[in-house]
Amino acid sequence: MEVQWVLVCHGMVTLTVVVSFLCGHSPIFKGTPIGWIHYFLTFGAWDYLLRFVEFVFGSKGTDAVLSVEGFCCDRPNPLLQIIYLVILGSTYFITVKSSFVYIPGYYIGEVHKYMSFGAVMIGVLLFLLTSFCDPGTVNAKNVSQYVSAYPYDDIIYSEKECPTCKIPKPARSKHCSICNRCVARFDHHCGWMNNCIGEKNTKYFMAFLLWHFLLCLYGAVAIGFILAGRVKELRIVHILTTYYGIKNSFRSLAPRVLQWLVGTYNTQILLLVFFALISLLLAGFFAYHLNLCLTNTTTNEKFKWREYTSLQKKISEAKASAAALKAGMSNTELERPAMSKWRGLWRRSEAKAESIVAKRNMYDKGNFRNISEIVFPLSSRQGFQKPYHKSE
């Protein structure tokens, strides 16, 4: 029972940390423990660390920590790439050592020993392709090619020069401050890949997310079959019903079987929970980026549209306030109660932003055309000379 409660607590803590880190910034969690944990993980812990270092070692210690932060966060470095390889390698090693001894089993064949290794190698290959493939670097030699790929919409993109590279800035591109280069159809800089995700490697990034989701799901299902096979091979249900007098029903047997599995195969249970949580996390990331690909939008553009929507809202409110004041209304009449500030306003603003993007995103050409641009980038197509327009 002690091991069982340790595993339950471990799973709950892991789930809380993951949800807090990914979703705690949302206004929905403002003032809740989820929001507090998110603040601590993203800002608070680092702030307390800096204060502690300054208290113990003085300003020199703080400068040393900040220099390490600059190297890890503001410059290209392979730190997260190494961490990824360590996590993947160690997880596969633990899985092999703890679970392959039960393969072949009642529900799983020996072929899965080789399939799992092949699946991991494909994951590593996709990781390397995403990490080392050119994301679409824009320079003086190819800038005209990228400029002709997409037109300026004069809303979030306008014709101008990159102040750092001193070259024309193509629509949908962005200068990455970490890599110090302009990237075509910039989505985001991925620390795990130590590379930008742009026009030319988005397809590899999407394949990486999808494959690792399937890999983790495969791991969870395979371990589930191993455990089910052990229950069948050792005749646990027969023992519980015959020798311990437990009623032969799912409601009575399930807790006992689960308790036996947790006590006997705790490593496999931990791996199963780990694979299941990571697969859910990767499924969320993949679904988010798939939606971006289907609507021909990028993460960078999502933020730009949100800023544009916020600015337009402020302008409208300022005009309304000026008109009201001109009409002689009092300040109290201008004030409106913030109903459901933590939920309603956030949802309405998000829905409004999505509506504006859907109506004014000139790059959305339909799902098939949008996906084809991911697989076959416009700037790389032979004979491409002029930008397309939404009316075409």
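Biologist: Where does Val273 lie?
Modeller: Val273 sits in helix α10. One note before we go on: this is a predicted model.

Biologist: Fine. Is Val273 buried, exposed or partly exposed?
Modeller: Partly exposed, because its relative accessibility is 31%. Buried would need a value under 20%, and exposed a value over 50%.

Biologist: How far is Val273 from Ala220, C-alpha to C-alpha?
Modeller: Those atoms are separated by 7.4 Å. Along the chain, the two residues are 53 apart.

Biologist: Tell me about α10 itself. How many residues, and what reach?
Modeller: α10 has 29 residues. From its first C-alpha to its last it reaches 42 Å, close to the 42 Å expected at 1.5 Å a residue.

Biologist: Which residues of α10 are buried?
Modeller: The buried set includes Gln268, Ile269, Leu271, Phe275 and Ser279. Leu282, Phe286, His289, Leu292 and Cys293 are buried in α10 too.

Biologist: What comes just after α10?
Modeller: Asn296, with a positive phi of about 55 degrees.

Biologist: Let's zoom out. How many helices and strands does the chain have?
Modeller: The chain comes to 14 helices and 5 strands. It has 392 residues, and 35% of them count as buried.

Biologist: What share of the contacts joins residues 24 or more positions apart?
Modeller: 67%, taken over contacts with a separation of 6 or more.

Biologist: Now the core. Which residues touch the most other members of the largest nonpolar core?
Modeller: Phe208 and Leu261 do. That core has 35 residues.
Biologist: Which elements give two or more residues to this core?
Modeller: They are α4 (79-99), α5 (111-132), α7 (202-233), α8 (236-242), α9 (250-264) and α10 (266-294). The largest share of this core comes from α7, with 10 residues.

Biologist: Which domains give it at least three residues each?
Modeller: Domain 2 (78-133 + 201-309) and domain 3 (142-197).

Biologist: Back to Leu261. What does Leu261 touch?
Modeller: Leu227, Val231, Asn266 and Ile269, leaving out residues up to four places away in sequence.

Biologist: What other core lies apart from the largest one?
Modeller: There is another of 11 residues. Among them are Trp305, Tyr308, Tyr363 and Leu378.

Biologist: Switching to loops. Where is Ile108?
Modeller: Ile108 is in the loop between α4 and α5.

Biologist: Is Ile108 buried or exposed?
Modeller: Buried, because its relative accessible area is 5%, and the cut-off for buried is under 20%.

Biologist: What is Ile108 in contact with?
Modeller: Ile103, Ala222 and Ile226, leaving aside neighbours within four places in sequence. Ile108 and Ile226 are 118 residues apart along the chain, yet their C-alpha atoms are separated by 6.7 Å.

Biologist: New topic: which residues does UniProt list as "transmembrane region"?
Modeller: The UniProt entry, an unreviewed one, lists residues 6-24, 36-59, 79-102, 114-132, 204-228 and 269-290.

Biologist: How much of residues 79-102 is helix in the model?
Modeller: That span is 88% helix and 0% strand. Its end C-alpha atoms are 35 Å apart.

Biologist: And what about residues 204-228?
Modeller: They are 100% helix and 0% strand, with end C-alpha atoms 36 Å apart.

Biologist: On to α3. Which residues are buried there?
Modeller: Gly61, Thr62 and Gly70. What covers the buried residues of α3 includes α2 (33-57).

Biologist: Take Thr62. Why does it count as buried?
Modeller: Because its relative accessibility is 12%, and buried means under 20%. Thr62 touches Leu50, Val53 and Glu54, not counting residues up to four places away in sequence.

Biologist: What span should α3 have at 1.5 Å a residue?
Modeller: Its 15 residues should span 21 Å. The end C-alpha atoms are 21 Å apart, so the two agree.

Biologist: Last topic, cysteines. How many disulfides does the structure hold?
Modeller: The structure holds 0 disulfides. Cys162 is in none, and its nearest cysteine sulfur, that of Cys182, is 3.4 Å away.

Biologist: Are Cys162 and Cys196 buried or exposed?
Modeller: Cys162 counts as buried, at 1% relative accessibility. Cys196 counts as buried at 0%.

Key. Residues are numbered from 1 along each chain as its sequence is written. This is a predicted model: local features need pLDDT of at least 70, side-chain atom pairs count only at pLDDT 80 or more; totals for chains, interfaces and linings use all residues. Side-chain values use heavy atoms; hydrogens and water are left out. Buried means under 20% relative accessible area, exposed over 50%, partly exposed in between (1.4 Å probe, protein chains only). Contact means heavy atoms within 4.5 Å. UniProt positions are given in the numbering used here, feature names are shortened, and annotations may be inferred rather than shown by experiment. Helices (H or I, at least four residues) and strands (E, at least two) are DSSP runs, numbered from the N terminus. A nonpolar core is a set of buried Ala, Val, Leu, Ile, Met, Phe, Trp, Tyr and Cys residues joined through side-chain atoms within 4.5 Å. Domain bounds come from an automatic or database domain assignment. The expected span of a helix is 1.5 Å times one less than its number of residues. A disulfide is a pair of cysteine sulfur atoms within 2.5 Å.
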